[in-house]
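Me: I've got a new one open and I'd like to get my bearings. Can we go through it bit by bit?

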Amino acid sequence: MSRQATVHEAADWPSHGGQAAALLKRFGLPDDHVVDDVSANLNPLGPPEWVASWLVTRLGGLSRYPSPDYASARQAIAAHNGVQPAQVLLTNGGAEAIFLATALHAGGRALLLAPSFGEYARACSAHRIETAEHVLREPHFAGEVADLLEKAANADVVFLCRPNNPTGTLIPIDAVETLLAHTRETGTQVVVDEAFIDLSIGVEALTPLLKRYGHLVLLRSMTKFYTLPGVRLGYVLASENIVATMSHHQPPWSVNHLAAELVAPLLADSEFARLTQQWLASEQPRMGKALLALGLEVVPSHSCFFLVRPGVLQRERGVTSAALFERMLYKGLLARHTHSFKGLEGSWLRLALRDESANNRLLKVLHDCLC
């Protein structure tokens, strides 16, 4: 088995999950090599069955510009979250929400967690923002609140991901409140990416805190929960003033007609949400235990993915995360490498949960690759 791919620099690796073609090429595998993708954190139950036919019925709207204020979508989001429509900004996926939040602090200073989603750093770079890091130490990736408060005082904005991607770990809500009380005094804005809030177990959203902390900004993604990465849907929840300011940085008609019209019926599909929570409540704890039983080191996760690496005994036998990644790929499973996550540099792998059958296959392949 070739090891050529393992010597390249981190910058040569795809910076997101779901990039099977690039990785097959990288490892010298043919284009038709069949892989099951566990590198992208998407709901395996979606998209909802009705979405495809529903989109067909809305194709006539493609000949008209979308409503510039997306009033109906914003009203649906506001009702769903218990806020006012003026507190909602519809965005072209969670990525645009990140860049718009960052635009408010162009030329300033930001505090980022590491490891965490790479788009925060990329957005800061695009807006000439100087960044500092609050490092989450392995193997538990838990940060001390006191250290976070001290560093936050020197920043214009703090970016958090809750649950954090790629670790699945969670900053407790009381720690978030401590941070918010502290940053209110220092004039530091707090941006919390809740992209996985609907794909988490026992995690309380921070939406109620918006009433008490006007400097809190919440970012949401509808891509992952509804398995619609090609549609691009996200939104921001914040004070009316912040939303109004952010909207000035957003290009006109940033969200297309089909995506905007899809918001309300997606949020109204309570049965899909119920089935998703049922799946997650069953598979997430089962897989956590099963991964540990394989001898892997597993970071306790609150969401639909796990950060893992070979255990101590496996590493002593020479089974590294790089070797495990390659073995899995040859056996038809694409994990998420961590070369693009600062602080991990490829030493861990992220595995997304799928349905029961696919998860069982993942466990079988892992067992074979670790032997």
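Me: Where is Pro47?
Reply: Pro47 is in the loop between β1 (36-37) and α2 (51-57). The names come from DSSP runs numbered from the N terminus: helices are H or I with at least four residues, strands are E with at least two. The bond that joins Gly46 and Pro47 is a cis peptide bond, with omega about -5 degrees.

Me: Before I go on, what kind of model is this, and how is it numbered?
Reply: This is a predicted model, with residues numbered from 1 along each chain as its sequence is written. Local features need pLDDT of at least 70 and side-chain atom pairs count only at pLDDT 80 or more, while totals for chains, interfaces and linings use all residues; side-chain values use heavy atoms, with hydrogens and water left out.

Me: Back to prolines. What about the bond from Glu138 to Pro139?
Reply: The peptide bond from Glu138 to Pro139 is cis, and omega is near 5 degrees. Pro139 lies in the loop between β4 (130-135) and α6.

Me: Zooming out, how many helices and strands are there?
Reply: The protein chain has 14 helices and twelve strands. Its radius of gyration is 21 Å, close to the 21 Å that the globule rule gives for 371 residues, so the chain is as compact as a globular protein of that length. That radius is taken over C-alpha atoms, and the rule is 2.2 Å times the number of residues to the power 0.38.

Me: How much of the chain is buried?
Reply: Of the 371 residues, 52% count as buried. Buried means under 20% relative accessible area, exposed means over 50%, and partly exposed is in between (1.4 Å probe, protein chains only). As for contacts with a separation of 6 or more, 72% of them are between residues 24 or more positions apart. Contact here means heavy atoms within 4.5 Å.

Me: Let's do helix packing. How are two packed helices described?
Reply: By the angle between their axes and the distance between the axes. The axes are lines fitted to C-alpha atoms, for helices over the stretch in contact, and angles run from 0 to 180 degrees between N-to-C directions.

Me: OK, at what angle do α3 and α10 pack?
Reply: Helix α3 (residues 71-81) and helix α10 (residues 257-268) pack at about 25 degrees, with their axes 8 Å apart. That makes α3 roughly parallel to α10. Angles under 35 degrees count as roughly parallel, over 145 as roughly antiparallel, 65 to 115 as roughly perpendicular and the rest as oblique.

Me: Which residues meet there?
Reply: From α3 there are Ser72, Ala73, Ala76, Ile77 and His80, and they meet Ala260, Glu261, Val263, Ala264 and Leu267 in α10. By class, that contact has seven nonpolar, two polar and one charged residues. Ala, Val, Leu, Ile, Met, Phe, Trp, Tyr, Cys and Pro count as nonpolar, Asp, Glu, Lys and Arg as charged, and the others, Gly among them, as polar.

Me: And what do the buried residues of α3 pack against?
Reply: They pack against β2 (88-91), β7 (216-221), β8 (234-237) and α10. The buried residues in α3 are Ala73, Arg74, Ala76, Ile77, Ala78 and Asn81. After α3 comes Gly82, with a positive phi near 70 degrees.

Me: What about α11 and α14, how far apart are their axes?
Reply: The axes of α11 (residues 270-293) and α14 (residues 356-370) are 11 Å apart, at an angle of about 10 degrees. The two helices are therefore roughly parallel to each other. The residues of the contact of α11 with α14 divide into six nonpolar, two polar and three charged.

Me: Switching to loops: where is His249?
Reply: His249 is in the loop between α9 (240-247) and α10. At 41% relative accessibility, His249 counts as partly exposed. Leaving aside neighbours within four places in sequence, His249 is in contact with Leu100, Ala103 and Leu104.

Me: And what is phi for Trp253?
Reply: Phi of Trp253 is near 50 degrees, a positive value in a residue other than glycine. Trp253 is also in the loop between α9 and α10, and Trp253 is partly exposed, with a relative accessible area of 42%.

Me: Last one: where is Arg232 found?
Reply: Arg232 is in the loop between α8 (223-226) and β8. Arg232 has a positive phi of about 70 degrees although it is not a glycine, and its relative accessible area of 26% makes Arg232 partly exposed.
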